Amino acid sequence: MREADITRAIVRAALRDLEELSEVDVAVVGAGPSGLTAAYYLAKEGLRVAVFERRFSFGGGIGPGGNMLPRIVIQEEALGVLAEFGVRSVPAGGGLYVVDPAELIAKLAYKAVEAGAKVLLGAHVSDLIYRKEPPRITGVVWVWSPIEISQSHVDPIFTESKAVIDATGHGAEVLSIAARKVPELGLSVKGERSAYAELAERLVAERSGRVAAGLYVAGMATAAYYGFPRMGPIFGGMLLSGKKVAESVARDLRATPLPGQPS
Ligand code: 48H
């Protein structure tokens, strides 16, 4: 075994991957519950999906459970999505079920990757690509997270896509960038409101979807964008939201193939 061969194997495979990632059907930003769920359903539809996650791990806010107690809660309405991922749950009364966060992270990630989604860990999305007339988001701009953290000015690279999903959680980072830097889209991020779990879960699941041409929102970013309440450690809305946004993207891509691109 030679050290040079180890290096060659990594460099060749990684560069092939990065070349493929220059253009995909859907760019999902964030590998939390809503992003992984969306990635799974979209990849299952046969779409080329890239997930950009700035941490070197999956799961977003699932891992810490409720105030670091290693359980989260899912409501009855989300049991179908849970079953799709093969995640076990235990009834807790009142239509609620408890789930082990490590199992949820592992199975969401496994199914998304197995369905064909490409997850890039340590990739920070710092900007968007857009076109005018009509205004449209056409991809993401990203750098490796250690570069972002170092605050060095290093020019990023691009991934073009037919759809970008903001699944960045509480910060709604992608939509905040769009609101600030692509005023033609007329977006504004209202910021999430105080806790009202039942209402928040319903609204997030209902309203996840398209916010502008080429730009979609899912998960907590939906609450932040529309000014909906927060819900604490109940995650059914995140799963339903991921499924909903995937349906919305798949429907739009089927309905309006872009010029020069197959549907
Ligand atoms: C690359 C990025 C970037 C970026 C962020 O926070 P998440 O788990 O998001 P959701 O919406 O799927 O789930 C929310 C849930 O975890 C939660 O916090 C709940 C239910 N809270 C309720 C309450 O009341 O508090 O995951 C987002 C992921 C994270 O892994 C980030 O690291 C990642 O997105 N991310 N990745 N580029 N610019 N910004």
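This is a predicted model: local features need pLDDT of at least 70, side-chain atom pairs count only at pLDDT 80 or more; totals for chains, interfaces and linings use all residues.
Residues are numbered from 1 along each chain as its sequence is written, and side-chain values use heavy atoms, with hydrogens and water left out.

**Exercise 1: the cores**

Task: Work out which residues touch the most other members of the largest nonpolar core.

Solution: 
- Start with the term: a nonpolar core is a set of buried Ala, Val, Leu, Ile, Met, Phe, Trp, Tyr and Cys residues joined through side-chain atoms within 4.5 Å. Buried means under 20% relative accessible area, exposed is over 50%, and partly exposed is in between (1.4 Å probe, protein chains only).
- The largest such core has 50 residues, and V26, L42, V49, L104, I165 and V249 touch the most other members.
- Now zoom in on I165, taking contact as heavy atoms within 4.5 Å. Leaving out residues up to four places away in sequence, I165 touches V26, A27, V28, V29, A38, L42, Y216, A218, V245 and V249.
- Apart from that core lies another, of 29 residues, including V125, W142, I177 and A221.

**Exercise 2: helix α4 and its cover**

Task: Compare the reach of α4 with its expected span, then find what covers its buried residues.

Solution: 
- Helices (H or I, at least four residues) and strands (E, at least two) are DSSP runs, numbered from the N terminus.
- Helix α4 covers residues 101–115, 15 residues in total, and reaches 21 Å from its first C-alpha to its last. The expected span is 1.5 Å times one less than the number of residues, and for α4 that is 21 Å, close to the reach in the model.
- The buried residues of α4 are P101, E103, L104, I105, L108, A109 and A112.
- Their cover includes α2 (33–44), β3 (72–75), α3 (79–84), β5 (96–99) and α9 (236–255).
- T37 counts as buried because its relative accessibility is 0%. Residues up to four places away aside, T37 touches V81, F85, L108, L239, G242 and K243.
- Just after α4, G116 takes a positive phi of about 120°.

**Exercise 3: salt bridges**

Task: How many salt bridges does the structure hold, and which parts does the D25–K162 pair tie together?

Solution: 
- A salt bridge here is a side-chain nitrogen of Lys or Arg within 4 Å of a carboxyl oxygen of Asp or Glu. The structure holds 14 of them.
- D25 and K162 meet at 2.9 Å, N to O. D25 lies in strand β1 (residues 23–29) and K162 in strand β9, so the pair ties together parts that are 137 residues apart in sequence. Both D25 and K162 are buried.
- Next, E84 pairs with K44, the closest N and O atoms being 3.0 Å apart. E84 is in helix α3 and K44 in helix α2, so this pair ties together parts that are 40 residues apart in sequence. E84 counts as partly exposed, at 28% relative accessibility.
- E206 and R202 form a salt bridge at 3.6 Å, N to O. They both lie in helix α7 (residues 197–207), four residues apart, about one turn of the helix.
- Finally, salt bridges that share partners join D25, R48 and K162 into one network.
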